[in-house]
Amino acid sequence: MPKNLFVNPEEVRASGKVSFNEIPVNQYNKSIKDELKSGKFTKEDLIRIFRDMTVLREFETMLNNIKTQGGYNGIEHTYPGPAHLSIGQEAACVGQAYLLDENDFAFGSHRSHSEILAKALSTINKMSDEQLMDVMENFLEGKCLRSTKKLGETKDVKELAIRFILYGTLSEIFARETGFHLGMGGSMHAFFLPFGIYPNNAIVGGSGTISTGAALYKKINDKKGIVVCNVGDAAMARGPVWEALNFSAMDQYKTLWELHNDGMPILYNIFNNSYGMGDQTRGETMGQGCMSRISSGVSPTQFYAETVDGFNPLAVIDAMERKLELLRNGQGPVMLETLTYRFSGHSVSDQNAYRTKEEMDAWKEVDPLTTYPAELVKAGVLTEADVEAILAETKERMTLICKAAADPEISPYCDFNKDPAVVERLMYSNEQVVAFDDREPEFTVPKEEAEGYKKIKSKSRSPIGPDGKPVSKMKLYNLRDALSEVIWDRFYEDPTLIAYGEDCRDWGGAFAVYRGMMDALPHSRLFNSPLAEGAIVGTAVGYALSGGRALVELMYADFIGCAGDEIFNQMAKWQAMSAGILKMPVVLRVSVGSKYGAQHSQDWTALCAHIPGLKVCFPATPWEAKGLMESALKGTDPVVFFESQRIYDIGEQFHEGGVPAERYEIEFGDVNKVRDGKDVTIITIGAALYRAVDAAKQLSEKYGMEADIINIHSLVPLDYTKIVESVRKTGRVVLVSDACARGSFLNDVAKNITELCFDDLDAPPVVVGARNWITPPFEFDEYFFPQAGWILDAIHEKLVPLPGHVVENGCTEAEAYRRAKQGV
Amino acid sequence: MEVFDLLVVGGGPGGYLCAERAAQNGMNVALFEKKALGGTCLNEGCIPTKTLLNSSKMYRHAKESEAFGVTASDVKYDHAKVIDRKDKVVKTLVSGVGATMKANKVNVITANAVIKGRAQNGFAVEADGNVYEGKRLVIASGSETVVPPVPGLKEGLASGFVVTNREVLDAKELPKKLVVIGGGVIGLEMAYYFASVGTEVTVIEMMPKIAGATDAEICKVLTDAFQKRGMVFKLSCKVLEVKEKSVIYEENGEKKEIPCDMVLLSAGRKPSTANIGIETLGLDMDRAAIKTDRHLCTNVSGVYAIGDCNGKLMLAHTAYREAEVAVNHMLGKYDEMRYDVIPSVIYTDPEVASVGLSKEAAEEKGMKVKEVKLPMSYAGRYLAETEGGKGFIKLVVDTDKKRLVGCHLVGSYASEIIMTATMMVDTELTPARLQKLVFPHPTVAEIIREAIFHI
């Protein structure tokens, strides 16, 4: 809602027509002779295109044989994992990769082996021997290269590099330690950054948002090259892919951005093989007829889309040339629909129940692996014997590679017995990076002169002023200021740091954490995103794994569901799936609401804590908020940063002297002990802390009992030392948060306390959570969210009788049975 | 408005003991009873039947003591006088309960109570036009006779031809021919009473045996003894219809009719929870029974259900203990209800008493058990006082855990002896330790000691 873009009713309401440009379909009509004559290709180029296609075909044929026959060319081997083969799609992949180099990032679909290998072969061809040796010798400290060299001498570095990429990819697929990611990624997560090969994805369309984030990284950080987003036709039906298209086509890059205001350097390439798994996208599950039509609904440029014959590598190269030129001129995003066909099944278990032999035979008639070399022979580029020689050489190489990748001596598995922590070590990178780039951060006003920053700095950091009187709300440094202060500081340190989300800029974020920053930062560092949570998180993932730092916001925690895949599968898992090659410095801010009912009030910490790979925190005091944000924004791991709308305005009540003006970090895992007592331990998460403090006060005043209160501000990781210390002392523990009790993270804490302190406990730990209902309207808050009285009731009913206490909101055993049986 | 610490709805054994214990612990209690304190037990159950059974026992002793060298002639049984005496006993006991309530400053409200649900100060109950509020609420509303959907039964109840445990105790005249529908404990005691004093009694029972879950061998002894007294058992028979002066039932697929001048309906009891306003509380129910946990808490914090209304074990002494567990929960004293060590008694002659598990029940639970069975004649006193007695004891011992888990008795004094075994089961002492207990000699109870040495 920028004020300088006037929404003019006269313009908005004016009558007119929307027009569309025609979309070219299979317009390429040149022959090999034409191309040779034009000088665009040498004979060697044309032969290499064929050679690359044979490498791709043989790789997939080999995997197919191993999956279906338990061996390949005399090598016996079984491989239990996935194999989504792309036999038939080789010309499309080789054509796409032909003009790309190591600076161009190609993200894959989940039928990606050919995409990866084509990009690698093209890059190898373009890189010098020195560059190639440098890449191979430095990748995983030369581990893959050492294994590759065991296959024997090669005639040149390029052949070594070809073996290297084939071997690294195959041993990754075979889950070997010698794979590109120690075998932890496998078939659907293989990639190789030094050649500009970025992750493919087991989630259909998963690359849509991630590659868009990578393009954003290139655009904002002035990095060389473009990004190719490869998705299949069926992926175009997925919401996040649409969100990504829209994100890449936002008007603001042109209308508002002061810097980096070129179009997004991204090509969305749809490898259309007509099928999802067994569903036909054309004629059955989708309605566009032609996939390139899709971009017409996203941008007036229609992404300069065209449809090209992916069975002719030269047609694809021809189209790619046009698209790359547009991108290099800053006219992205662009789109290509590359028509192809897969002869192999979706996976090797595919019975082809959904298509006829007649159809498959018709496509085999025009198989590029026979038609293209036939053309070359016809044009006199190759002889039949040359063709056979190339095929033989490819097969021989593949046999060598397969034998080595299957051989446990050359290609051992990670030894989980010797090293049980092999995966554990990959889960987090746990690094600290002040700046991901050495250029100067971009801003329009220096930090110290920025009004917003100065205002925070002028506030009282303690609720009690130097005169001993309470500080007014306006002058009190609150939890919002704590978050804001750190974000200000980090913006001026890390030039790659960008923040976006719904209404982050002009509004300052729905809860005003970014208020004032728009006056000091260009749009390229702080901007409003579309209301598309999948794109917000997915692009942040792509931005971060490309080398930048992203701080994104989903407004309400309830919207986590809209970005489920991006948070749970992408943000959480890429560090470990890449064996630590990728870093994921994404801080995802989500706010737990109140007053706004069932879809705007949920504490979903448990969902996030359940997913391995995420760090999860939920500060409840300004001191915690500042220290944790500092940690999160310096770290290299993905953090889901929970906040509560109940306490943005709250001042620091616990930390002596208030919130320090100096910068400091709170280590993830630590807990915050805010009250000392000997009789009962109250463990809290989130805003429930303040109700626990109230309960502790009542306990002390009415019953003469003193409570230890420990706030868990970092759920994952979590150090139990101080918790156990407290429980050993008190023998009683009640755990409180605003999350619905069933499946709440507190149950996990309670279970661990039970195991760690069983002999010290007077009674089992009691979890006091919100009821397992929808959140009713705010008027009924006290019936849904834990109150101080509930904490006393729980202590009285389940831990220790409080003399004279009458239970108001307890839960008897009979009630526990009933609620569980009813599911409420 | 005065806010009570506790409201108790129902003045039976559960209700009045709960009120008493709560008051003794400093609570300000209101107890609601629509009829008379003491409930079914005191007014229509345990106590009145015991007075009747004792009279009949004396009558029989007088008539049947030739074997002991005693002959009596012109022995008469005055049923009306027996009933009068019973009324006096009941009255004495009821007023005793009233006095106890008064002494403990329990506010007894003799009026129909209707629960009004949650209130500002906890819960509200309306009685006699007033609303009472209390921080806690105990429901002790008891149980009532089940009336099965048998044609003619309702009409019979209305006309007085069919009676329940309530009316039968007030019948001034002995019926000549009595049909008892249901051969459970309640039915058997009354059937036995009438048979003892000259009524022709037929018991119609749907199951193939009498006395419910009682040990099969004990049932055999009982059945033999009852048949000797002229009682007729129609087992595995189903009552089809109650007519004006007869009962029609089905036996082996054949329709049969027994003429009679009174029908006693004793086909079971159900929790009495309708029309008292419990729906205002949102209680979790199992049909008519209020669900409770081991502390007698219902699903609503502060609301308890004790005695027959929770449908667990409909016995007065269960209600007593439940009352105490509930009060202890209110006081924050750790306590929990055990339903597996509650003794049960049939006050016929011979008496039957048991506690804990039978061998079959224990094996069903997967326990490794040993059963010891000894004739009562091992006890000198039993032999001295009984002619041709068929009494016996059965002990069930968990051989893994070395614990007594059940005791089953049939014979004289069984009702009084069973508490000895109950303590043994409850305290979970080993047989080796139990062998060290000294019993007075001669007593019938010594049979337990004897049996322990046979383990």
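**Exercises on the interface of chains A and B**

Chain B and chain A bury about 1100 Å² between them, with 50% of this on carbon and sulfur atoms, where buried area is the accessible area (1.4 Å probe) that two parts lose on being put together, summed over both. In chain B, B:Asp293, B:Asn299 and B:Ser301 lose the most area to chain A, together 41% of what that side buries. The model is predicted, so that local features need pLDDT of at least 70 and side-chain atom pairs pLDDT 80 or more, while totals for chains, interfaces and linings use all residues. Residues are numbered from 1 along each chain as its sequence is written, chains are lettered from A in the order in which they are written, and side-chain values use heavy atoms, without hydrogens and water.

**Exercise 1.** Describe the contacts and the salt bridge between the chains.

*Solution.* Begin with the contacts (heavy atoms within 4.5 Å): 16 residues of chain B touch 14 residues of chain A. Next, apply the salt-bridge rule (a side-chain nitrogen of Lys or Arg within 4 Å of a carboxyl oxygen of Asp or Glu), which finds one such pair across the interface. The side chains of A:Glu813 and B:Arg294 meet in a salt bridge, at 2.7 Å from N to O.

**Exercise 2.** State how confident the predictor is in the complex and in chain B.

*Solution.* For the complex, the predictor gives an ipTM of 0.80 and a pTM of 0.89.
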